[in-house]
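This report walks through a two-chain model.

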Amino acid sequence: MDFETFVFYSFGAILVASGLRVVTARNPVHAALALVLAFFTAAGLWILLEAEFLAITLVLVYVGAVMVLFLFVVMMLDLNLTKLREGFWSYLPVAVTVAALMGFEMTTVLYGRSFGSQGATEPAGYSNTKALGSLLYTQYLYPFEVAAVILLVAIVAAIALTMRHRKDTKYQNPAAQVSVKRQDRVRMVKMKATPRAETLESQE
Amino acid sequence: MMAFWQGILGIAWTPVWALVKIIAIIAPLMIGVAYLTYAERKVIGYMQVRIGPNRVGFKGLLQPIADGLKLLMKEIVVPSGASKGLFVVAPMLMIAPALAAWAVVPFSPRMVLANIDAGLLYILAMTSMGVYGVIIAGWASNSKYAFLGAMRSAAQIVSYEIAMGFALVGVLMAAHSLNLIDIVQAQRGGVFHWYWLPLAPLFVVYFISGVAETNRAPFDVAEGESEIVAGFHVEYSGMAFAVFFLAEYANMILVAMLASLLFLGGWEPLFPVAPFTWIPGFLWLLGKVAFMLLLFLWARATFPRYRYDQIMRLGWKVFIPVTLVWIVAVGLVLQTPYRYLVH
């Protein structure tokens, strides 16, 4: 067993173990953290496949942004664990069906050789990032742009659906605060000099 | 000499040599962190007409070592009801990415641990991992103050990461590369060829986002003493607490280093003529990093703390639009005959 195979199997073991933790962990925060570990290990496996751009993007997008927001929500919600577990038996048939379908799909992919990608390793100076970029912006330009527009519409829709204005909330207007001038806050008053020193002393 | 060791160690040579190089980066970095804390106290002291630490050693030079020893001696208290495993892991999760990012940082055209193609992306990915240390520390402490601090800090880091990433997109567009050595070499030819000039708005956005990302004043609401005591690390003591600070200062040095490499020409001299080229490139880089770090300390001594909603407004409503506009502008200029302006 050479070093690369050893790394592959140890990463694979960590990935499977953390994947199992995601579904078995009692505490949702622990489950989310296990998912983070799963993503990170998957990125490691991709680096082993010399797909460094995809691997780094996985870490940047999923680990660095998506999972942070996930953790945010999970930590803020006061989850009632017993209530969550109540429907376990009624949901079981559906869950088993979905799991069986996924298992079936994965075995067809792994054994069907339809995704056979026994590609030769690339030469030393090969830049994954550059190849991906030029392919995305030439051959797949229109699908890429369409996907971008759909994502943009989804963002706008998500904001439009969730944004509600309550009439009775009080909030600050930062634009007005920033543009405030000295004259708005300070009033200069011309006054005569203080009275004579003896009167001040006598008051004390 | 190298061949001799290679002969003795045989197959173990590669990992051992890599380890030696890692130590050669981490050890000076840790010393740098220790003396950055000293410099911070001295510089802010002088700015506020005080003397700063001057008791331990000559002019207080041993102060950071005394501080480190004191923290080492202290007990690490784990609060009751805390999630123990995560509580211990959090400081490690904070410092690991802060150190891992240094793997691709070049110190001269040849001195770099790993000269990878997607170096800039790697650094972005590593710095985006740092937020986990904060979130987990806040959550695992089982304390309201720590949790509030963690939430504030995480939201702040995630927001400013976007502006920071966009600022870096401008740099890679101008340099046509993600490799840090290539980016520095694209800026060859003196101070007017460095990217701070054509990419001035991005430089400013990058540096301020860097200050916000490292939770430094004036963006240190995560540890605002007057409101939430010390934020996410309020329950930490002893060395666990010190590790958070090591990570913060290592991140500061990293931001200063990247700002010097990406916008201030790295190891390139001020002007490529005789008296300037006599100074070795490494010293130029060191000088630029020291200058950027001074800006960090200066900002802390000068500005009052931002209010939380103002921080969010600055990140989302000012910095992101500015970077987006400048990226489009750079892209347009690159299509015209005036592309020498940015390249």
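## A helix crossing in chain B

In α2(B), B:L29, B:G32, B:V33, B:L36 and B:T37 meet B:L246, B:Y249, B:A250, B:M252 and B:I253 of α11(B). Two residues are in contact if their C-beta atoms, placed from the backbone, lie within 7 Å. Helices (H or I, at least four residues) and strands (E, at least two) are DSSP runs, numbered from the N terminus. The residues of this contact divide into eight nonpolar, two polar and no charged. Ala, Val, Leu, Ile, Met, Phe, Trp, Tyr, Cys and Pro count as nonpolar; Asp, Glu, Lys and Arg count as charged; the others, Gly among them, count as polar.

Two packed helices are described by the angle between their axes and the distance between the axes. Here the axes of helix α2 (residues 13–47) of chain B and α11(B) come within 9 Å and cross at roughly 100 degrees. That makes α2(B) roughly perpendicular to α11(B), a label for angles of 65 to 115 degrees. Axes are lines fitted to C-alpha atoms, for helices over the stretch in contact, and angles run from 0 to 180 degrees between N-to-C directions.

## Basis of the model

The model is predicted: local features need pLDDT of at least 70, side-chain atom pairs count only at pLDDT 80 or more, and totals for chains, interfaces and linings use all residues. Residues are numbered from 1 along each chain as its sequence is written, while chains are lettered from A and ligands numbered from 1 in the order in which they are written.

## B:S260 and its surroundings

B:S260 also lies in helix α11 of chain B. Is B:S260 buried or exposed? With 25 C-beta neighbours inside 10 Å, B:S260 counts as buried. The cut-off for buried is 20 or more other C-beta atoms within 10 Å; exposed means 12 or fewer, and partly exposed is in between.

Not counting residues up to four places away in sequence, B:S260 touches B:G266, B:L285, B:K288, B:V289 and B:M292. B:F291 is 31 residues from B:S260 along the chain, and their C-alpha atoms are separated by 9.1 Å.

## The nonpolar core

The largest nonpolar core has 122 residues. Such a core is a set of buried Ala, Val, Leu, Ile, Met, Phe, Trp, Tyr and Cys residues joined through C-beta atoms within 7 Å. Helix α11 (residues 238–263) of chain B gives the largest share, 18 residues. Those with the most contacts inside the core include A:F39, B:I253 and B:F263.

A:F39 is in contact with A:L58, A:Y62, A:V63 and A:M67, leaving aside neighbours within four places in sequence.

## The two chains

Chain B has 14 helices and zero strands. Buried residues make up 45% of its 343 residues. For 343 residues, a compact globule would have a radius of gyration near 20 Å; chain B has 21 Å, which agrees. The radius is taken over C-alpha atoms, and the globule rule is 2.2 Å times the number of residues to the power 0.38. Along the principal axes, the C-alpha atoms of chain B fill a box of roughly 65 × 60 × 45 Å.

Chain A comes to ten helices and zero strands. Buried residues make up 12% of its 204 residues.

## The interface

In all, 17 residues of chain A are in contact with 17 residues of chain B. Helix α3 (residues 52–76) of chain A supplies the largest share of the chain A side, twelve residues. By class, that side has twelve nonpolar, four polar and one charged residues.

Key. Parallel < 35°, antiparallel > 145°, perpendicular 65-115°, else oblique.
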